[in-house]
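The sequence and model are shown first.

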Amino acid sequence: MDRGPDDFFHDDGAGPYAHCPRCGGGLEKRVVFTHDPPRLVCSSCRFVFYLDPKVAVGAICKLDGKIIMLRRAIDPAYGKWVFPGGYVDRGESLEDAARREAREEIGVEVRVTRLINVYSYTGRPVVVVVYEAEVVGGEVRGGAEALEVRSFEPGDIPWDGLAFRSTREALQEFLRAADPRGAHTVDERRD
């Protein structure tokens, strides 16, 4: 019986992992190559289980000079503000993932206009790729992962209510590039 998205465990790639995905044998840490850190290796079939990063995308969506953001209806960061984003599906291009996330989370079709930056942090398994996007269709509305959706003037962004460090840093970079003379307030804090 499907009881909703909160009943599932959403793996960010941090583990812990105990069993081989190929044969079900036990995983143990071993040095595979002397120049690498210890890796998880199956004690039965010797499969090397690389703990690669997870890739997520975000899209800072512009409409009529405002930035569309949503308040998260899921953990982590339940109730905090973000621009549309999420994990990239295997085989999906980054740009297609950004367009899909905008459609799923705020109901709009977007044209990806430029890469803002790529964000990664020591000790964190997620790499976040953020794009600027222009709304070209659809109707702004919240999807299943949004408590609410709002459009913000650049000076009205809820800096103290943002969900993630990458959200803050991407918005800062976006606003600096959009207004190099500094007419908009940019919160320069780093988490």
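In this predicted model, Glu148 and Arg71 form a salt bridge, with their closest N and O atoms 2.9 Å apart. Glu148 belongs to strand 10 (residues 146-152) and Arg71 to strand 5, so the contact ties together parts of the chain that are 77 residues apart in sequence. Glu148 is partly exposed at 29% relative accessibility, and Arg71 is also partly exposed, with a relative accessible area of 25%.

Salt bridges that share partners also build a network, which joins Asp89, Glu92, Arg100, Glu101 and Glu104. Over the whole structure, the search finds 13 salt bridges.

One of them is formed by the side chains of Lys62 and Glu132, at 2.7 Å from N to O. This pair, too, links distant parts of the chain: Lys62 is in strand 4 and Glu132 in strand 9, 70 residues apart. Is Glu132 buried or exposed? At 10% relative accessibility, Glu132 counts as buried, because the cut-off for that class is under 20%. Lys62, at 30%, counts as partly exposed.

A further salt bridge joins Asp36 to Arg39, with 3.5 Å between the closest N and O atoms. Asp36 is partly exposed at 22% relative accessibility, and Arg39 falls in the partly exposed class at 21%.

Strand 4 (residues 54-63), which holds Lys62, pairs with several strands, as the table lists.

Strand 4 and strand 5 form a hairpin with two residues between them. In the turn of this hairpin, Asp64 has a positive phi of about 55°.

Gly24 is partly exposed, with a relative accessible area of 39%. The C-alpha atoms of Gly24 and Cys45 are separated by 9.2 Å, and the two residues are 21 residues apart along the chain.

Notes
Residues numbered from 1 in each chain as written. Predicted model: local features only at pLDDT ≥ 70, side-chain atom pairs only at ≥ 80, totals over all residues. Heavy atoms only, no water. Buried < 20%, exposed > 50% of the residue type's maximum accessible area, 1.4 Å probe, protein only. Pairing = 2+ DSSP bridges. Helix = DSSP H or I, 4+ residues; strand = E, 2+ residues; numbered from the N terminus. Salt bridge = Lys/Arg side-chain N within 4 Å of Asp/Glu carboxyl O.
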